[in-house]
Amino acid sequence: MPSLKSSQQCKVHWFQHGSGHTSRREFMSEKERQKGNEHFKCNENEDAYHCYPKSILLDPSNSKSFANRASVLIRLGNQKEAIKDYTRAFDIDPSYVKSLTKRAMIYHQCTDLQAAGKCPRRTTA
């Protein structure tokens, strides 16, 4: 059984997570995202996919949760939804250029697949 001191330290930790103070929801969101990342590393794609929406619900301003979900969607063969998530990640954080490069890679791959109907047609935004 954990001591009271370690329990109190855990409660304080979520307020001081990361580079500054964060809310409990942001902390829990990050925990779900990290859990999804662990599943992703182990190629447990369905499990990873289910973690990221929880993270997004807890903190919809976390661009990395959208980008990570997009990465899983690519593995699951859903490029259309992946493009939407990469776009959302960039909309939230324009400095997160990785989301744009990943989206561009999907568009590049889709040029050969459009005739087969597997990718959405590219539109100007």
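Analyst: Here is a walk through the pocket, starting with the chain around it.

This is a predicted model, where local features need pLDDT of at least 70, side-chain atom pairs count only at pLDDT 80 or more, and totals for chains, interfaces and linings use all residues. Residues are numbered from 1 along each chain as its sequence is written, and side-chain values use heavy atoms, with hydrogens and water left out.

The chain has six helices and zero strands (DSSP runs numbered from the N terminus: helices are H or I, at least four residues; strands are E, at least two).

Now the pocket. A pocket is an open set of points on a 1 Å grid over the protein atoms alone, where a 1.4 Å probe fits, with protein on both sides within 12 Å along at least five of seven lines; lining residues have an atom within 4 Å of a point. The largest one is lined by 15 residues. Phe40, Ala67, Asn68, Ser71 and Lys102 lie nearest its centre. Helix 2 (24–41), helix 4 (63–75) and helix 6 (97–113) each give two or more residues to this lining. Helix 4 gives the most, with six residues.

The space in the largest pocket is about 260 Å³, a volume filled by probe spheres set on grid points joined across faces, edges and corners.

The charged end of Arg75 sits over the Phe40 ring, 3.5 Å from its centre (NZ of Lys or CZ of Arg within 6 Å of the ring centre and within 35 degrees of the ring normal).
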